[in-house]
Amino acid sequence: MSDRALQDDVIRALADAPYRKSAAWRTRGLADPDRVERFARFLARHFYHERVVHFFKYSRALARVTRRRPEAVLTRPGFEALVPSIVLGSRQTAKAVAQLVVTHVGDAGDAGAAIRYLGELLRYEAAMMVVEAGPRIWREDPESGGEGAGSGEWSAPETVEGTVLLELAYDLPVVLPELLRPWSEVPQAPARSTKLLVARSPRGRVAVARSTDAVAALLRLADGRKTLAELAQGAGLEVRELEQTLRGLVELGAVRFSTGS
Amino acid sequence: MAALMIGAFYNPHLGAELVRADGIDHLAMADPPTAGDPHWPAIRARYTLLLHDYLGQLSEPLDERSIERARTLAELYRTPWVAEHFQCLHTVDGTYNLNYVFPPLYSEDFLERFVRNANALRARLDQPLVMENIPGFFDVRASQLPEPVWLRRFFDATETGFLLDLPHVWLEAHYRGLKPERWLAEFPLDRVVELHVAGVEEDNDLGGPWIAPAEPSDEMLGFLAHAVTRCPQAKAVTFDAFSPSLTAEALFRSVERIRETL
């Protein structure tokens, strides 16, 4: 095994609690198991503290009303119970940690009742956190031409795994910036049916965009096999309109193309 | 030794206070300024800014996009040097990422990788490159060289400077049961360009002290005073705290105490 592979093994042991318990890791005897375990717990709390504070920043801004700070879950028994199964950066762990926050903040009782859109806000923030999870590209492969639509020949587009479409009863994008500015009365979100697309680029940048029925149909249909003509027909779009929409979705990270060889 | 610059990290939530502050010579930039930061133009106009962002891990060559990003930030900040870390925190395939500084194996193979990739990065920058030491909470048995020896050999093989993080050295000494001054003496102090100093706090998971965005203790400041006398090329000391929880009072008092110490 190369030194680089060995370093990857140590990184994996710190990131992946089930692997840390496995015979495959333990028999290697690479480091003091107690120190490794303690450092892994430290890393897990740090990793999710950073994400909870970032992705739940809007419900954090509401904490003076709800009296529930999202990051408080990281020192509560629910998080402790998760520790033996945590895999840093995995979608499954992101879902589990986000659910702890949703339950904790959403259970704010009368204090939370003044914020009619609180449940939807938490669902939106949880979706952001879950979409961000998953392996990412840290370095461009010089052969790949980078991320984005690129100039290669487009073939069948495919919705990127993990892309989420949210259907909300409140127009959250209107209220989000207001929550981060000074306020005395809780800012209210207009009660208006809203579709939001949450996607992630290969490098891990999470983006949100308003969506339409046509985009929703397109994302449902784009399976990597259907042609552009088939997709245009299914989504009710002109081909030119479809290409423009796909370009936007590729930029967001919601759709990828295999390029011609 | 020339007069040392004494500074801190740019914490955007303290932007208004930093624009008006006295007694701070420079600000290190851990993140690029956000588009909506109202204080950024005044901060840029007023301060010497040090590029201290995450550029990439030098166990692998930086790709063109990362190098361009480094060059763009260096130009924006007009930085006198560019900093990176001796770290390897994500796997080659991108599956696992610690999202926290973590040192490489101190082996011949990793030394060769870091030397090659640091030299390649340095060749693409218009400013000198400095590299910061990273603390290990445990030793990996596959390491072949003591960290200070590995660092010495790295600096000998590259024309990079040393960004000496003192709390990192202090923590390693603590967990090795050594006196900090004794452990520090092993490091290539003649290559130091900048020093970081900050506080440490007890961490429940680690069962001991660890890096924290806190004021340096009197002991840490004494350690700084000791270290500076052994770093003849040092140009700057930076209070290393970057956190939304950091208060203006803690930042300014820390810088003032560093200045009094030196």
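**Exercise 1. Find how many bridges join strand β6 of chain B to strand β7 of chain B, and follow the pairing onward.**

Step 1. Strand β6 (residues 161–165) of chain B is joined to β7(B) by four bridges, and the two run parallel. Two strands pair if DSSP finds at least two bridges between them. Helices (H or I, at least four residues) and strands (E, at least two) are DSSP runs, numbered from the N terminus.

Step 2. Look at D165(B): its bridge partner in β7(B) is H196(B).

Before going on, a word on the model: it is predicted, so local features need pLDDT of at least 70, side-chain atom pairs count only at pLDDT 80 or more, and totals for chains, interfaces and linings use all residues. Residues are numbered from 1 along each chain as its sequence is written, while chains are lettered from A and ligands numbered from 1 in the order in which they are written.

**Exercise 2. Decide which residues of helix α6 of chain B are buried, and what they pack against.**

Step 1. A residue is buried if 20 or more other C-beta atoms lie within 10 Å of its own, exposed if 12 or fewer, and partly exposed in between, with C-beta atoms placed from the backbone. In strand β7 (residues 192–197) of chain B, six of its six residues are buried.

Step 2. In helix α6 (residues 166–176) of chain B, the buried residues are L166(B), P167(B), H168(B), V169(B), W170(B), L171(B) and E172(B).

Step 3. These buried residues of α6(B) pack against several elements of chain B, including β6, β7 and α8 (218–228). Contact means that the C-beta atoms of two residues, placed from the backbone, lie within 7 Å.

Step 4. Just after α6(B), find G177(B), which takes a positive phi of about 70°.

**Exercise 3. Work out the strand order of the open sheet of three strands in chain A, and why one side of each edge strand has no neighbour.**

Step 1. The order is β2-β3-β4 (chain A), and the pairing is antiparallel.

Step 2. β2 (164–170) and β4 (206–210) of chain A each have a single partner strand, so one side of each lacks a neighbour in the sheet.

Step 3. Five bridges join strand β3 (residues 191–200) of chain A to β4(A). L197(A) stands opposite A209(A) in β4(A).

Step 4. Helix α10 (residues 118–132) of chain A lies across β2, β3 and β4 of chain A, at about 170° to β2(A). Axes are lines fitted to C-alpha atoms, for helices over the stretch in contact, and angles run from 0 to 180 degrees between N-to-C directions.

**Exercise 4. Describe how helices α12 and α13 of chain A pack.**

Step 1. Helix α12 (residues 213–221) of chain A and helix α13 (residues 228–235) of chain A have axes 9 Å apart, at an angle of about 135°.

Step 2. The two helices, α12(A) and α13(A), are therefore oblique to each other. Angles under 35 degrees count as roughly parallel, over 145 as roughly antiparallel, 65 to 115 as roughly perpendicular and the rest as oblique.

Step 3. On the α12(A) side, the contact uses A214(A), A217(A), L218(A) and L221(A), while α13(A) brings L231(A), G234(A) and A235(A).
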